[in-house]
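Colleague: Hey, could you walk me through this one? I'm new to it and would like to get my bearings.

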Amino acid sequence: MNYDAALDAALNRLHEEGRYRTFIDIERRRGQFPHAVWKKPDGSEQDITVWCGNDYLGMGQHPVVLEAMHKALEDTGAGSGGTRNISGTTVYHKELEAELSDLHQKEAALLFTSAYIANDATLSTLPKLFPGLIIYSDALNHASMIEGVRRNGGAKRIFRHNDVAHLRELLEADDPAVPKVIAFESIYSMDGDFGPIEEICDLADEFGALTYLDEVHAVGMYGPRGAGVAERDNLMHRIDIINGTLGKAFGVHGGYIAASEKMCDAVRSYAPGFIFTTSLPPVVAAGAAASVRHLKTDQALRDLHQERAKVLKLRLKGMGLPIIDHGSHIVPVMVGDPVHTKKISDMLLSDYGIYVQPINFPTVPRGTERLRFTPSPVHDPKMLDGLVRAMDALWNHCALNRAEMSA
């Protein structure tokens, strides 16, 4: 076989469809986020404003976080030195797990190297703990959840997105005695819509199922202490396993689950994705713990975040741009074509110093390509004005009417 030719063909397909992904090299600079520097291929530099990052609250630059990381670095050095089972469990890991279990009001929490690994490892391990388990998974669950469900070797049922009636039909069709878990998200990151947490919990109670909730795009930002949408809606006690990330609103790195002591102990003991992976560096765990601890009391930052998102959505709507607004902090502007999406993204970057990455298939379905803006508390009104003016100019410049843009 000509392997190079096969690789060329695979890459050429992406280019022909207009969805080949390019990454720009940026340098975040301390104390200046969301400003950054774009390191161009020709060696030159351009100042830019990042509008698509997942550091939703700017905590990656917060003095409390940086101070904790500096101290841990001076005290312990760089890496953890091993897996959690072999020399890689430190006081910093235990402190962070304690902060997370307290945040979600669960008996325990378990750290992973990312929320992707936490989802994959946990969902693929549950059938080992509950033989015969059936996992009911929302059709728009994150790729990490899909991968975990796919790899577990057990039975699975996919219910239509946020369709509790369809979920009920699937539950009713299965043996009542079989163990079950319903896996879903609190906020779906591409459209910014909310999962029907209470209705799903009601079905779980009725059919004797466990609940598995991904709060990745909600932790830090929703609820009186930043525990997520389930906390905001007073439903945390009805969720058996909560998945979260430390790399978005908490501004650092890593992922976790929060659950009962027995559940975390069992996953810890059986999940290869936990057992055989070097643990988070202590400096990362220290920074994450400081961020979680701080955001438990910083409601003002959460309020400002919601205000910024609301203002941006209102102004883009006022211009007639086709945005999706489900009331969350995520602001998707629908383009509907990968070539046009990339063109607008490129012009925003080169002409206006605004960085927003195109979102194409397979992240979203074909025909729903978009620009996904994530305003933060540190995007001030002047930056917002600049973004709105740029979008207004480029939308008209590209000569794409609204129907074509949203097709």
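Modeller: Happy to. One term before we start: a residue is called buried when its relative accessible area is under 20%. And keep in mind that this is a predicted model.

Colleague: Okay, are Phe 112 and Phe 274 buried or exposed?

Modeller: Phe 112 and Phe 274 are both buried.

Colleague: How many aromatic pairs does the structure hold?

Modeller: There are two aromatic pairs. Phe 112 and Phe 274 form an edge-to-face one, with 5.7 Å centre to centre and 75° between the planes.

Colleague: Which parts does that pair tie together?

Modeller: Phe 112 belongs to strand 4 (residues 108-112) and Phe 274 to helix 10 (residues 272-275), so the pair links parts that are 162 residues apart in sequence.

Colleague: And what about the pair of Phe 194 and Tyr 222?

Modeller: Their ring centres are 6.0 Å apart and the planes meet at 85°, so that pair is edge-to-face. Phe 194 is in strand 9 (residues 193-194), while Tyr 222 is in the loop between strand 10 (210-214) and helix 8 (229-232), so the parts tied together are 28 residues apart in sequence.

Colleague: Why does Phe 194 count as partly exposed?

Modeller: Because its relative accessibility is 21%, and buried means under 20%. Tyr 222, with a relative accessible area of 5%, is buried.

Colleague: What about the second largest pocket, what volume does it have?

Modeller: The second largest pocket has a volume of about 250 Å³. Its lining has 16 residues, and Lys 94, Glu 97, Ala 109, Leu 110 and Arg 268 lie nearest its centre. Helix 3 (91-103), strand 4 and helix 9 (261-270) each supply at least two residues of that lining.

Colleague: Let's go to the nonpolar core. Which residues of the largest one touch the most other members?

Modeller: The largest nonpolar core has 57 residues, and Leu 96, Leu 100, Ile 182, Ile 197 and Leu 246 touch the most other members. Helix 11 (residues 282-295) gives the largest share of this core, eight residues.

Colleague: What does Leu 100 touch?

Modeller: Leaving out residues up to four places away in sequence, Leu 100 touches Ala 109, Leu 111, Leu 246, Tyr 256 and Val 292. There's also a second, separate core of 31 residues, including Trp 51 and Tyr 355.

Colleague: New topic: where is Arg 19?

Modeller: Arg 19 is in the loop between helix 1 (3-17) and strand 1 (25-28). With 14% relative accessibility, Arg 19 counts as buried. Among the residues Arg 19 touches, beyond those up to four places away in sequence, are Phe 361, Pro 362 and Arg 366.

Colleague: And where does the charged end of Arg 366 sit?

Modeller: It sits over the ring of Phe 361, 4.0 Å from the centre of that ring. Arg 28 likewise lies over the face of Phe 33, at 4.5 Å from the ring centre.

Colleague: What about the peptide bond from Phe 361 to Pro 362, is it cis or trans?

Modeller: That bond is cis, with omega near 10°. Pro 362 is in the loop between strand 15 (358-359) and strand 16 (370-373). Phe 33 and Pro 34 are joined by a cis peptide bond too, with omega about 15°.

Conventions
Residues numbered from 1 in each chain as written. Predicted model: local features only at pLDDT ≥ 70, side-chain atom pairs only at ≥ 80, totals over all residues. Heavy atoms only, no water. Helix = DSSP H or I, 4+ residues; strand = E, 2+ residues; numbered from the N terminus. Buried < 20%, exposed > 50% of the residue type's maximum accessible area, 1.4 Å probe, protein only. Contact = heavy atoms within 4.5 Å. Phe/Tyr/Trp six-rings, centres within 6.5 Å; stacked < 30°, edge-to-face > 60°. Lys NZ or Arg CZ within 6 Å of the ring centre and 35° of its normal. Core = buried A, V, L, I, M, F, W, Y, C linked by side-chain atoms within 4.5 Å. 1 Å grid on protein atoms, 1.4 Å probe; cavity = no way out; pocket = protein on both sides within 12 Å on 5 of 7 lines; lining within 4 Å. Points joined across faces, edges and corners; volume = space filled by probe spheres on them.
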